[in-house]
Amino acid sequence: MREFDVAIVGGGPVGACAAALLARASGEGAARLSVVLVEPHLPPPPATGAPPDARVVAISRASEALLTSAGAWAGVAGPRACAYERMHIWHESIGPESDDVLTFDAADAGEPNLGYIVESRLLQAALIAAFTTAGGQLERAQFSSLAIEADAVRITTSGGELRARLVVGADGAQSAVRTATGLTAEVSAYRQTAIVATVATGRPHRATAWQRFMKSGTLAFLPLFDGTSSIVWSADEPLATELAGASATAFAHELDRASDLALGATRLVSERASFPLRRLTAPRYVAQRVALIGDAAHVVHPLAGQGVNLGLLDAGALAQEIAAALTRREDPGSLSVLRAYERWRKSEVAVMAASIDVFDRLLAHGTGPLARLAQRGLGWVNRSQELRRFFIRRALGVSGELPEAARHVS
């Protein structure tokens, strides 16, 4: 039977980041860990000259630092990554040119940009390459089951069996690792569906992310490297059903109405994809010799673009706790080590998830006095340089308790 220090199940961006960081991890005076990444499906990176994928992620400054520490940033930064320098946020009660539109500008914080819009597939490929370069082993197989033993976890996959001192579940919201371990998840529906697509716009995006809050949901335009934009339309039911079934022309008409023509007339240049929105929280992130990261532990509303960033910070925090345990000559799979990770990340995620839900309830769906106050508050924030800087730091992802690997961008 093959033996490893760490087995990571799930090779998406979060799992691959954890794998790349852990393959480089070692405590003071300790040898590097042996790490295996179990993932049956590894799509190739986007081809040179290909149009952008519809599925993209916003990478914060903290995540950029993590990816650098993981050895993956060089594979991400390039002609297909689009830096965005500004964010425009407004409520449907005002127009996109109003003085009350909340604008975050990287220049106000002395930063070159606020982050990058990157294709999920490009990010995943760069992290997988960084992992294998660091000596990690890929197991192209489907996870089947696990059995926790005194000194290791026995894992069964479609490719055979292996043992590891620690198993990391990075296999998404429907995590098989979570279920097999006996960990649970609390799930609640937002009663919304996110529709994603790539669109051409009548006016250039100007390296700016645009977001409009409406009573029927939230619409975001994310700038892409070729001048098009990726949209994420979190629409209430039954509007989402109508939008998913509309013709391309009818959809563009509804998109123009919902965007208030902030970027001019729009035209679909990709197929639409949609997925229902749910909030998920695992009451426990860890068990003996098992840790959950990313969507296996928590899922938040996409309106702030923080889902992948939260998962990458999980990966950085777990790698840091394990490296510290190695320095202390402790077992990386021990519950005391894993609970330190759990306490750290549960509190950070809880604050972000609650903040996002407040934004959704008040700015998108609120109708009472408190909601109207919040909606007018966008303009107040815009007129305060100190408040704008506070929120810019949140957008950059450089506030809160960060892993050491997420604190510095070279």
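Q: Contact means heavy atoms within 4.5 Å; which residues does isoleucine 59 touch, not counting residues up to four places away in sequence?
A: This is a predicted model, in which local features need pLDDT of at least 70 and side-chain atom pairs pLDDT 80 or more, while totals for chains, interfaces and linings use all residues. Residues are numbered from 1 along each chain as its sequence is written, and side-chain values use heavy atoms, with hydrogens and water left out. With sequence neighbours up to four places away set aside, Ile59 touches Glu64, Leu67, Trp73, Gly115, Tyr116, Val118, Leu123, Asn309 and Leu312.

Q: Which residues have the most contacts inside the largest nonpolar core?
A: A nonpolar core joins buried Ala, Val, Leu, Ile, Met, Phe, Trp, Tyr and Cys residues through side-chain atoms within 4.5 Å; buried means under 20% relative accessible area, exposed over 50% and partly exposed in between, with a 1.4 Å probe and protein chains only. The largest such core here holds 101 residues. The ones with the most contacts inside this core are Ile8 and Ile59.

Q: Is methionine 214 buried or exposed?
A: Met214 sits in strand β13, residues 208–214, where strands (E, at least two residues) and helices (H or I, at least four) are DSSP runs numbered from the N terminus. Because its relative accessible area is 2%, Met214 counts as buried.

Q: How far apart in space are methionine 214 and arginine 339, C-alpha to C-alpha?
A: In sequence, Met214 and Arg339 are 125 residues apart. Going from C-alpha to C-alpha, their separation in space is 40 Å.

Q: Which residues is isoleucine 356 in contact with, leaving aside neighbours within four places in sequence?
A: Ile356 has its place in helix α9, and it is buried because its relative accessible area is 3%. Proline 302 is 54 residues from Ile356 in sequence, yet their C-alpha atoms are 8.6 Å apart in space. Once neighbours within four places are left aside, the contacts of Ile356 are Val300, His301, Leu303, Ala304 and Gln306.

Q: Is arginine 191 buried or exposed?
A: Look for Arg191 in strand β12, residues 186–201. It has a positive phi of about 60 degrees although it is not a glycine. Because its relative accessibility is 67%, Arg191 counts as exposed.

Q: What is the relative accessible area of arginine 289?
A: Arg289 lies in the loop between β18 (286–287) and β19 (290–292). Its phi is near 70 degrees, a positive value in a residue other than glycine. Arg289 is buried because its relative accessible area is 4%.

Q: Where is proline 238 found?
A: A cis peptide bond, with omega about 5 degrees, joins glutamate 237 and Pro238. To find Pro238, go to the loop between β15 (229–236) and α6 (239–245).

Q: How many disulfides does the count come to?
A: A disulfide is a pair of cysteine sulfur atoms within 2.5 Å. Two cysteines to look at are cysteine 17, buried because its relative accessibility is 0%, and cysteine 82, buried because its relative accessible area is 9%. The number of disulfides counted is zero.

Technical notes:
Contact = heavy atoms within 4.5 Å.
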